[in-house]
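The following exercises ask the reader to work through a structure, with a solution after each task. Please examine the sequence and the model before reading on.

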Amino acid sequence: MSAPTYNIGLCGLGTVGQGVWKHFGRLRTDLEARLGARIELSRASVRDLSKARDVKVPSSKLTTDPLSIATDPDIHIVCELMGGTGVAREVTLAALKRGKIVVSANKALICAHGAEIFAAARRGGGAFLFEASVAGGIPIIKAVREGLVANRFPRIYGILNGTCNYILTKMEELDAPYASVLGEAKRLGYAESDESLDVEGWDTAHKASILAWLAHGVWVRPDKMIVEGINRITPADFKNAAALGFGIKLLAIITRDFKTDEISVRVHPTLLPQETVLARVSGVFNAISVTGDVVGTTVYIGRGAGQDATASAVISDLADAVSLLTHGKGAPQGSPDLPAAKGARLAPLERIRGRFYVRLTVADRPGVLARVATIMARNHMSIASVIQSPSETPDLASLVLTTHDSDERAMRVALRALARLESVREAPLLLRIGDLGD
Ligand code: NAP
Ligand code: HSE
């Protein structure tokens, strides 16, 4: 019997699309032998046909109409690598409606329209595969969904944005301001086309939403999370953190209390003890700590963004798609529809407890520290340490407080009162201290 042939259409030939084209071309013969099928990258779409690209794609295969790929009866697998939630959604739904398999790296789309997309995949009889959407080259979707299927997950946390981890690492290493290292992360192909998604924490929130859904079967949208980014962190914060024994990482933290069935999802820069594994994960690398009630804690580390790492994850899904088409099995389908999701509810964010780091830029004169301390005491917040250092601006000082254990509500009330003090000259910066173990 001759081997079946499957055609792939690539919607998007940017950083990731070109990586897939390049590596797929190199791996094709091996993949075909392994999968027992012929696989053809038969069409690709771009926005601008005249743009120079690193890969050579015959013009007969190129189009500016991604929808024509999604609806092409000869295409079996549609790979959506455009990004965004407009055309990408149309293309994805059109392909799924026709029973095709869609492979996607688009976490923003999945977070916004995951429920609709997985329902469309079930109705159409195709599948939606999304390994590249979280943590780049780390196979975290497979790990949570397949490798750890015996577990419930009280806690998953990690560094999920390569751009931010790269920026934070360079700021600390080079004592450089945030804006001066952002350009390099963009040049290296790590950042989203709208980089505010990275640095304001939204991209991490999209990925956290996908992980929360995989682990708990519920969609938690970013507006139900704490989401804070890295754009107000300065090189001085790294020095303060180091003096206190911490590094700074942008973390997503997903917890579920199985006694109360409360879930919380938050994304914020976090002070991590320097000796912990995640505090030492640098550059574009991501790291995810997954605690399962059967296995205990497992940790996954690898490149979280960039052309090659992401292409590796996309090609893994393409191989699964071919297995599904050939044998009717391979990657498990869509929503886990976990029975455990029933009864799960979101914990009120203001009840989340922890320790805090607050940096204030204050007038350097007598009585200021006393006023700050009074506000903290009024809100029942106990100060653990104070670091005062001169500011670059004359007559101003930087005042860094850390607190003992308290809750978000008290901290937010105190922060508003601090911001209203005449002697506080800039919006306070709040960071959380992560007491997360490994
Ligand atoms: P990119 O470099 O901006 O590439 C986007 C591609 O899609 C380009 O080829 C662009 O055409 C095409 N495109 C965009 N909008 C289009 C439209 N409306 N109609 C037709 N074509 C359109 O983006 P990327 O970095 O490869 O990212 C692609 C997806 O992968 C995104 O969802 C992103 O979040 C995700 N992702 C990226 C990474 C990473 O490290 N970069 C990692 C994981 C996941 P032109 O080339 O003609 O402009
Ligand atoms: N912009 C994303 C990041 C790409 O830097 O992590 C990978 O999802």
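**Exercise 1. The site of ligand 2**

Which pocket is the space taken by ligand 2? Describe the surroundings of ligand 2 and its polar contacts.

Solution.

Step 1. The model is a predicted one. In it, ligand 2 takes up space that is the largest pocket.

Step 2. Two helices each give two or more residues to the shell around ligand 2, namely α6 (162–174) and α9 (202–216).

Step 3. The shell around ligand 2 comprises 13 residues. The closest of them are K107, T163, Y190, E192 and D198. Sorted by class, the shell holds four nonpolar, four polar and five charged residues.

Step 4. A polar contact here requires a pair of N or O atoms within 3.5 Å. K107 places a polar side-chain atom 2.6 Å from an oxygen atom of ligand 2. The side chain of D198 has an N or O atom 2.7 Å from a nitrogen atom of ligand 2. K207 has a polar side-chain atom 2.7 Å from an oxygen atom of the ligand.

Step 5. Alone, ligand 2 exposes 250 Å², and the protein buries 94% of that area.

**Exercise 2. The site of ligand 1**

How many residues surround ligand 1, and how much of its accessible area does the protein cover?

Solution.

Step 1. There are 24 residues around ligand 1, and the closest are D48, K51, R53, E192 and G306. By class, this shell has 10 nonpolar, eight polar and six charged residues.

Step 2. E192 is listed among the closest residues for ligand 1, and E192 is also listed among the closest for ligand 2.

Step 3. The backbone takes part in contacts with ligand 1: an N or O atom of the R47 backbone lies 2.9 Å from an oxygen atom of the ligand. A backbone N or O atom of G306 is 2.7 Å from an oxygen atom of ligand 1. From R53, a polar side-chain atom lies 2.7 Å from an oxygen atom of ligand 1.

Step 4. On its own, ligand 1 has 900 Å² of accessible area, of which the protein covers 87%.

Step 5. The space that ligand 1 takes is the largest pocket, as was found for ligand 2.

**Exercise 3. The largest pocket**

What is the volume of the largest pocket, and which helix gives the most to its lining?

Solution.

Step 1. The volume of the largest pocket is about 1300 Å³.

Step 2. Its lining consists of 50 residues, with G14, L81, M82, G83 and S193 nearest the centre. These lining residues divide into 17 nonpolar, 20 polar and 13 charged.

Step 3. At least two lining residues come from each of α1 (15–35), α3 (87–97), α4 (107–124), α6, α7 (178–187), α8 (196–199) and α9.

Step 4. α1 gives the most to this lining, with three residues.

**Exercise 4. Backbone angles in two loops**

Where is D261 found, and where is H380 found? State the phi value of each residue.

Solution.

Step 1. D261 belongs to the loop between β9 (246–257) and β10 (262–273). Its phi is near 65 degrees, a positive value in a residue other than glycine.

Step 2. H380 is in the loop between α12 (368–378) and β15 (383–390). Phi of H380 is positive, about 60 degrees, although H380 is not a glycine.

Methods:
Residues numbered from 1 in each chain as written. Chains lettered and ligands numbered in written order. Predicted model: local features only at pLDDT ≥ 70, side-chain atom pairs only at ≥ 80, totals over all residues. Heavy atoms only, no water. Near = heavy atom within 4 Å. Polar contact = N/O pair within 3.5 Å; in protein donor to acceptor, adjacent residues only side chain to side chain. Areas by Shrake-Rupley, 256 points an atom, 1.4 Å probe, with all protein chains shown as cover. 1 Å grid on protein atoms, 1.4 Å probe; cavity = no way out; pocket = protein on both sides within 12 Å on 5 of 7 lines; lining within 4 Å. Sits in = over half its atoms within 2 Å of the grid points. Helix = DSSP H or I, 4+ residues; strand = E, 2+ residues; numbered from the N terminus. Nonpolar A, V, L, I, M, F, W, Y, C, P; charged D, E, K, R; others polar. Points joined across faces, edges and corners; volume = space filled by probe spheres on them.
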